[in-house]
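Dear colleague,

I am handing over the structure below, together with my notes on what was found in it. Please read the notes with the coordinates open beside them.

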Amino acid sequence: MSKQLTLYLHKIDLALIEANAPYRGYQVDLLNKPEWFISKVNPAGKVPAVAYGGPNVEPDDPSSLSAKIAESNVILEFVADLYPDSGLLPKDPVLRAKVRFFIDGTTKHIEGASRAFFKGNESYDNLLKGIEFIQELLEEGRDFAIGDHYTIADACITPHLETVVKLIAANDIGKFPVGMGYKLGEELKGPKYAKFMKYAQQMLDRPSFKQTYDEEFAIRFLKIRFSERVQ
């Protein structure tokens, strides 16, 4: 579990665990990134990033012979391609397209809106609109975003479900005015969002999520970070 609370890294952790993929992880200090990470792994300095192939070396000494891959959604598809039997990306081309459309919808309609509200930059109106968009993509009676199996669409959205459901709605954590998170939570309890909330809870109950999320640490860390808020 990343102690740096990076949503982009978290979805890769989920995909790797769901694929039962062996890997060696290395946590980069985001406030003091080592020179080797920027020069040898990702010149943009962003996480997550993957070094794949090449000789077996320590993560902090990556080989020039390994392929370096960055951007979380690109890495999600890379993991799915490496482990085709995992079901992370369906073999059916229509379902594959639906997975990609769901990921695109998460990026466009949930990611930015939840971040903006979490940081106190806007109300949660756009977030609710994003939730409505995603809810329309969820099929009745299905446990997953697309089809009958966990895919990278589920891995992509789950960290945002964590932010919305566990941090904002349940614990009122964020830079928004005190109490607005609880207010959002009350709205999400209504029948209008029942399908979305059922899906969200199923994702948050999965072993892969529980294995990669330290709720106590997240709440304690963010309460300190947002200790000075508008009342």
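P48 sits in the loop that joins α2 (35-40) to β1 (49-52), where helices (H or I, at least four residues) and strands (E, at least two) are DSSP runs numbered from the N terminus. The peptide bond leading from V47 into P48 is cis, with an omega near 5 degrees.

Before going further, please note that this is a predicted model, in which local features need pLDDT of at least 70 and side-chain atom pairs count only at pLDDT 80 or more, while totals for chains, interfaces and linings use all residues. Residues are numbered from 1 along each chain as its sequence is written, and side-chain values use heavy atoms, with hydrogens and water left out.

Two further backbone positions deserve a look, given that most residues other than glycine have a negative phi, and most peptide bonds are trans. N20, in the loop between α1 (7-18) and α2, has a positive phi near 55 degrees, and its relative accessible area of 66% makes N20 exposed; here buried means under 20% relative accessible area, exposed over 50%, and partly exposed in between (1.4 Å probe, protein chains only). E71, placed in the loop between β2 (67-70) and α3, also has a positive phi, near 75 degrees, and counts as partly exposed at 43% relative accessibility.

As for the chain as a whole, its secondary structure comes to 10 helices and 2 strands, which follow one another from the N terminus in the order α-α-β-β-α-α-α-α-α-α-α-α. Along the principal axes, the C-alpha atoms fill a box of roughly 55 × 45 × 25 Å. Of the 231 residues, 45% count as buried. Among contacts (heavy atoms within 4.5 Å) with a separation of 6 or more, 70% are made by residues 24 or more positions apart.

Helix α7 (residues 180-188) has G181, L184, G185 and L188 as its buried residues. Seen down the axis of α7, these residues fall within an arc of 105 degrees, so they line one face of the helix, the arc being that of the directions from the helix axis to the C-beta atoms. The cover over the buried residues of α7 includes α4 (93-118), α5 (125-137), α6 (152-171) and α8 (194-204).

T106, which lies in helix α4, is buried at 1% relative accessibility, and, when residues up to four places away in sequence are not counted, T106 touches E111, I134, C156, I157 and H160. L89, in the loop between α3 (72-82) and α4, counts as buried at 4% relative accessibility. Leaving aside neighbours within four places in sequence, L89 is in contact with E77, A80, D81, R96, V99, R100 and I152.
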